[in-house]
Amino acid sequence: SRDQIHYFGAGPAPLPTPVLEKAAGALLNYQDTGIGICEISHRSAQANQVLADAKSALTQLLDVPDTYDILFLQGGGTGEFSAVVYNLVSIWVEKRRRRALEDLTIALADGKEPGSKEDLNAKVLQRLKAEVDKELKLDYLVTGSWSQKASQEAARLVGADKVNVAVDAKARNGGKFGIIPPESEWSLTPRKREGGPGSALIYFCDNETVDGVEFPSFPTSITGHAEDDVDDDAPLIVADMSSNFISRKVDVKKYAVIFGGAQKNVGNAGITIVIVRKSLLPPTAALASPEVLRAVGLPIGPIVFDWATIAKNDSLYNTLPIFDVWIAGQVMAGLLEKFGSKKIQGQEEISRQKANLIYGALDKYPNVYHVVPDESVRSRMNICFRVHGGDADKEKQFLAGAEKLGLSGLKGHRSVGGIRASNYNAVSVEGAKKLATYLEEYANNK
Ligand code: PMP
């Protein structure tokens, strides 16, 4: 039964039992309406409350400033790989179009540019196209499989020539992920004031689920676009926090966009949460029209990934799975209740404690276990290691022994093999202790 198992799956991942018990009731009869939560309209008063509660819980947990909007979307983390490109490129293009329009209007009036007013639009598009071809750059820090996938999606959408892989951790580490090269070695696109074109965005994955690599803290050398300076040419900082969402304190203001699929720390698969700076949404920001994007050869994103549309409709542009939002809301409300005024710092302490227990046991037996990533970038969430140098039979035995004790979901990602203990919020300290004990017992018996 459920209470005999400690589940370390990487996502979908364990959910708090009290939330699931409450969900069982809500599925049948939500708030005594005689209708289940999956059956109520996404436009009902109850659904609106579910949304408002989930937003409020997240706002409290992460101290999300009111200059940010919280959106719920579908399409998973993968959907946001594309959405990031569509939305931020569109903003970049419209900013440049307006600048070109302004410059050329003046130049035509002053006679510095040949032609008449009727030529203005064509001239603007011509200049814009040249800028897109030459100056549109998206910086990606590739530190693991997920940021790599995101960078590949960007290249698929806008062309590889526009994607600058500023960090290629695999190339720096003998063909395997497991390090984050020092910031001094990153080749970010130079800013305008440094004589470069400046990059539209800097993208990174805060925690690499497959490779067990986590940024220890926000990179110190990157300066993002300042919220209160619309003319700032600094890049927009985007972070994928799918697998370490709400597990530590985050200075939201440093980011333009934070996103994460729900199915690890927050809820069940089905929704993606996006925290986006309001100045990147209308009325402050303007998006390029489909006609302009078409004219300059850039892709037009699906409307369901259009953050402006989703924000304007309070995440209800189309049918949102309210049950999924409810689960996420319950999980977050549970954390607020558990940690009180400590809020996310309470969870951060426990996550650290559990990770230390597990890494501590692994480090004690270097002849048996090898932690895959470098010590400086070990993930608190996904603990990736090999047993006996990755001997397939021995790893199988290790997993079988764990299963016998009710320690499940420990198999590594199919692309890299090995063992991965995912230490998400719903994994208890007791579960981490039990795993640590098993690690010791296994090592001592061999
Ligand atoms: N980013 C990270 C860090 C992930 O771990 C995952 C999924 N494991 C994704 C993105 C992709 O998410 P999805 O499967 O929801 O598209």
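These legends describe close-up views of a predicted model. Residues are numbered from 1 along each chain as its sequence is written. In this predicted model, local features need pLDDT of at least 70 and side-chain atom pairs count only at pLDDT 80 or more, while totals for chains, interfaces and linings use all residues.

**View 1. The shell around the ligand.** Gly11, Gly76, Gly77, Thr78, Trp146, Cys205, Thr209, Asp240, Ser242, Ser243 and Gly261 surround the ligand. Each has its C-beta atom, placed from the backbone, within 6 Å of the ligand. Two of the shell residues are nonpolar (Ala, Val, Leu, Ile, Met, Phe, Trp, Tyr, Cys or Pro), one is charged (Asp, Glu, Lys or Arg) and eight are polar (the others, Gly among them). Helix H3 (residues 76-109) gives the largest share, three residues. Helices are DSSP runs (H or I, at least four residues), strands likewise (E, at least two), numbered from the N terminus.

**View 2. Helix H4, residues 120-135.** H4 has 16 residues.

View 3. Val124, Leu128 and Val132 are buried (20 or more other C-beta atoms within 10 Å of their own, C-beta atoms being placed from the backbone). Seen down the axis, the buried residues of H4 fall within an arc of 70 degrees (directions from helix axis to C-beta atoms), so they line one face of the helix. An α-helix has 3.6 residues a turn, so residues three or four places apart point the same way.

Note on methods: Expected span 1.5 Å × (residues − 1). Buried ≥ 20, exposed ≤ 12 C-beta atoms within 10 Å, placed from the backbone.
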